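Have the sequence and the structure open beside you as you read.

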Amino acid sequence: MTAPADDAPLYVKAEAEQYSPDPVLGRYLAVRAASEMLAAPLSPEDQAAQSMPDASPTKWHLAHTTWFFETFLLAPSLPGYAVYDDAFSYLFNSYYEAVGERHPRPARGLLTRPGLSVVMTYRRHVDAAMQRFIARGLSPEQRDLVDLGLAHEEQHQELILMDILHLFAQSPLKPAYRLGAAERRTGGSDRFVSFEAGLFEIGHASEGFAFDNEGPRHKTYLHAFRIAERPVTNGEWLAFIADGGYRRPEFWLSDGWARAKAEGWTAPLYWCEDGDAWSEMGLGGLRPLDPGAPVAHISYYEADAYAAWAGKRLPTEAEWEHASSLLGDTGQVWEWTRSAYAPYPGFKPAAGAVGEYNGKFMSGQMVLRGGCV
C-alpha cells in the first residue's frame with residue numbers, strides 16, 4: 001500500500017461501522033481514541049524525540065500498539081487483510097523474537113520516517129480492519145488476544161506520559177505537557193497496620209482480564225508483619241536527604257551505592273534544588289515540591305536505602321498483595337517490594353509469540369505493585 005506524504009498529523013476519531021453491536025468494539029475504539037488524546041497536546045517534534053535508551057518516542061508508541069493488532073490478529077486471521085507496510089514489522093516490533101528482527105530500541109528516536117501523519121494513517125487502516133474483524137465474531141482465543149492488545153495499549157498510554165515527562169525534564173524550558181495535569185495527592189494516616197501470620201491466597205482471583213504473570217492464584221505462608229498505611233511522602237524524603245541519606249553507604253546495597261556514586265544521585269529524579277527550596281518536574285511543568293505528596297520516580301536502590309535509614313524494610317510482594325487486598329490501594333504511585341520478579345507457582349507462558357509477553361523477563365528485576373495517578 002502506498003503511504004501518503006508526511007504532513008500534519010491526522011487525529012480522526014474512529015467510528016464504528018454498522019455491524020451487530022459487540023461491547024468489545026466499543027472498548028476497542030475507546031482505548032484507541034484515548035492514546036490519540038494523550039498524544040494530541042504534543043507537536044510532531046515532541047513525538048519524534050527519544051530522551052534515553054529506556055524511553056521511546058510517542059510516535060513509536062502509537063505505531064507499535066497498532067502493529068500488535070495487525071501482527072497478532074489481522075494478518076493471521078482476517079481473510080484478505082492487506083498489511084499496511086511490510087517494513088513496519090521491523091520498525092515497530094518491540095521484543096518478540098518469534099516475529100523477527102527489529103530496529104534497536106536505543107535508536108527509535110532516529111526514525112524520522114515514517115512521519116507522524118503516516119503513523120496516524122496506519123492507525124486508521126488497522127482500526128478499520130479491526131472493526132470488520134470484530135464484527136465477524138470472535139472466537140474465545142481471539143477475544144483474549146483483543147483483551148491483551150487493549151491492556152497492552154493502556155500500558156503504552158502510561159509510557160507515553162512517563163516518556164514525555166522525561167523528555168520535557170531535559171529541556172531548560174521545563175515545559176508542561178498539559179496545564180492542570182493530575183498530580184499526586186497528599187498522603188493519609190501515619191499509622192502502621194498489623195497482620196497476623198497465616199496461610200493466604202494471592203494472585204488474580206476474578207473473572208476479568210489479568211496478565212499472565214498475575215496468576216495462577218496460590219497459597220503462601222506469611223509471618224506476622226506491620227505495614228505503613230500510606231506511601232512515604234516527599235517531606236519524609238527531605239529528612240532522609242538532610243540526614244545524609246545519599247552520602248552514607250551503610251544504608252545502601254552494594255550495587256545501589258555504586259550506581260548512586262557513578263550517576264551522582266542526590267535526590268529523586270525530577271527534583272530540582274534552588275537555594276533552600278525544592279521543585280519537582282511533573283506533567284504540569286516545574287512546580288514547588290509538595291511535602292505531603294507521595295514520593296515518586298525513585299529507584300529500587302533508593303527505596304531500599306530509605307527503608308534501612310528509617311529502621312524498616314520494604315514489604316515482600318506477597319505481604320503487599322495481602323495487605324492491599326484488605327486495605328485497598330489508592331493507585332497514587334507504583335510501590336517497590338523487596339521480591340525478585342519470578343513466576344508464581346504453576347505459571348506457564350502462553351503458546352506462540354505472545355508467550356514472550358512476560359515470562360522471558362523474569363530475571364534480574366524487582367517487583368513493583370500499585371498504580372500511577
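Predicted model: local features only at pLDDT ≥ 70, side-chain atom pairs only at ≥ 80, totals over all residues.

**Trp 67 and Tyr 96**

- How are the rings of Trp 67 and Tyr 96 placed? Their centres are 5.8 Å apart and their planes meet at 40°, so this pair is tilted.
- Trp 67 belongs to helix H3 (residues 58-77), while Tyr 96 sits in the loop between helix H4 (88-91) and helix H5 (116-135), so the pair ties together parts 29 residues apart in sequence.
- Trp 67 counts as buried because its relative accessibility is 0%, and the cut-off for buried is under 20%.
- Tyr 96 is buried as well, with a relative accessible area of 0%.

**Tyr 300 and Trp 336**

- Tyr 300 and Trp 336 form an edge-to-face aromatic pair, with 5.5 Å from centre to centre and 70° between the planes.
- This pair links distant parts of the chain: Tyr 300 is in helix H9 (residues 300-309) and Trp 336 is in strand E8 (residues 334-340), 36 residues apart.
- Buried or exposed? Both Tyr 300 and Trp 336 are buried.

**A charge over a ring**

- Take a look at Trp 60 too: Arg 108 lies over the face of its ring, 3.6 Å from the ring centre.

**The cavity**

- The count of cavities of 30 Å³ or more comes to 1, and the largest cavity holds about 40 Å³ of space.
- Its lining is made up of Ala 49, Gln 50, Ser 51, Ala 55, Ser 56, Pro 57, Thr 58, Ile 160, Asp 163, Ile 164 and Leu 167.
- Which helix gives the most to the lining of the largest cavity? That is helix H6 (residues 140-169), with 4 residues.
- By type, the lining of the largest cavity divides into 6 nonpolar residues, 4 polar and 1 charged.

- In helix H8 (residues 254-263), the buried residues are Gly 256, Trp 257 and Ala 260.

Technical notes: Residues numbered from 1 in each chain as written. Heavy atoms only, no water. Phe/Tyr/Trp six-rings, centres within 6.5 Å; stacked < 30°, edge-to-face > 60°. Helix = DSSP H or I, 4+ residues; strand = E, 2+ residues; numbered from the N terminus. Buried < 20%, exposed > 50% of the residue type's maximum accessible area, 1.4 Å probe, protein only. Lys NZ or Arg CZ within 6 Å of the ring centre and 35° of its normal. 1 Å grid on protein atoms, 1.4 Å probe; cavity = no way out; pocket = protein on both sides within 12 Å on 5 of 7 lines; lining within 4 Å. Points joined across faces, edges and corners; volume = space filled by probe spheres on them. Nonpolar A, V, L, I, M, F, W, Y, C, P; charged D, E, K, R; others polar.
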